[in-house]
Amino acid sequence: MTTALPSLAPEARDRLYADCANAISEAGAERESLFLARLALLLFEQVGDEARCRAALADALHALPVPSLSATE
């Protein structure tokens with residue numbers, strides 16, 4: 001039996017999304033991948049369950065959208 005992890009309120013999710021986007025920008029294009037991998041590892045340690053972390057990786061890759069040209073303007 002697996003225990004559901006607590007979910008974020010929509011407002012908290014929006015704030016964290018904005019904070020994450022700002023941190024990615026602060027890291028810069030040359031360190032973006034390194035930052036994201038480090039962030040993922042730190043969050044994986046908080047989750048503490050390898051299977052859930054692997055499932056999250058698969059979920060993140062599934063149907064990953066192609067960036068639109070408008071996102072770079």
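## Y17, an exposed tyrosine

Y17 counts as exposed, because its relative accessibility of 65% is over the 50% cut-off. The residue sits in helix 1. Its C-alpha atom is 23 Å from that of D49. Along the chain, Y17 and D49 are 32 residues apart. These values, like the others in this report, are computed from a predicted model.

## Fold and overall shape

The chain has 3 helices and 0 strands. From the N terminus on, the order of elements is α-α-α.

How does the radius of gyration of the chain stand against that of a compact globule of 73 residues? The globule would come near 11 Å, but the chain has 14 Å. The C-alpha trace spans about 45 × 25 × 25 Å along its principal axes. Of the 73 residues, 5% count as buried. The chain exposes about 6700 Å². Carbon and sulfur atoms supply 61% of that area.

Helix 1 covers residues 10-27. Its 18 residues should span 26 Å at 1.5 Å a residue, and the end C-alpha atoms are 26 Å apart, so expectation and model agree. G28 follows helix 1. The phi of G28 is positive, near 90 degrees.

Helix 2 covers residues 32-47. G48 follows helix 2, with a positive phi near 70 degrees.

An α-helix has 3.6 residues a turn, so residues three or four places apart point the same way.

## The largest pocket

The largest pocket has a volume of about 1500 Å³. It is lined by 31 residues. Which of them are closest to the pocket centre? They are L8, L16, C20, L39 and L43. Helix 1, helix 2 and helix 3 (50-61) each give two or more residues to the lining.

## C53, a buried cysteine

C53 lies in helix 3. Is C53 buried or exposed? Its relative accessibility is 8%, under the 20% cut-off, so C53 counts as buried. S68 lies 15 residues from C53 in sequence. In space, the C-alpha atoms of C53 and S68 are 28 Å apart.

## A63, after helix 3

A63 belongs to the segment after helix 3. What stands out in its backbone? A63 has a positive phi of about 55 degrees, although it is not a glycine. G28 and G48 also have positive phi values.

A63 counts as exposed, because its relative accessibility of 64% is over 50%. A63 and C20 are 43 residues apart in sequence. Their C-alpha atoms are 21 Å apart in space. C20 is one of the residues closest to the centre of the largest pocket.

How values were computed. Residues numbered from 1 in each chain as written. Predicted model: local features only at pLDDT ≥ 70, side-chain atom pairs only at ≥ 80, totals over all residues. Heavy atoms only, no water. Helix = DSSP H or I, 4+ residues; strand = E, 2+ residues; numbered from the N terminus. Expected span 1.5 Å × (residues − 1). 1 Å grid on protein atoms, 1.4 Å probe; cavity = no way out; pocket = protein on both sides within 12 Å on 5 of 7 lines; lining within 4 Å. Points joined across faces, edges and corners; volume = space filled by probe spheres on them. Rg over C-alpha atoms; globule rule 2.2 N^0.38 Å. Buried < 20%, exposed > 50% of the residue type's maximum accessible area, 1.4 Å probe, protein only. Areas by Shrake-Rupley, 256 points an atom, 1.4 Å probe, with all protein chains shown as cover.
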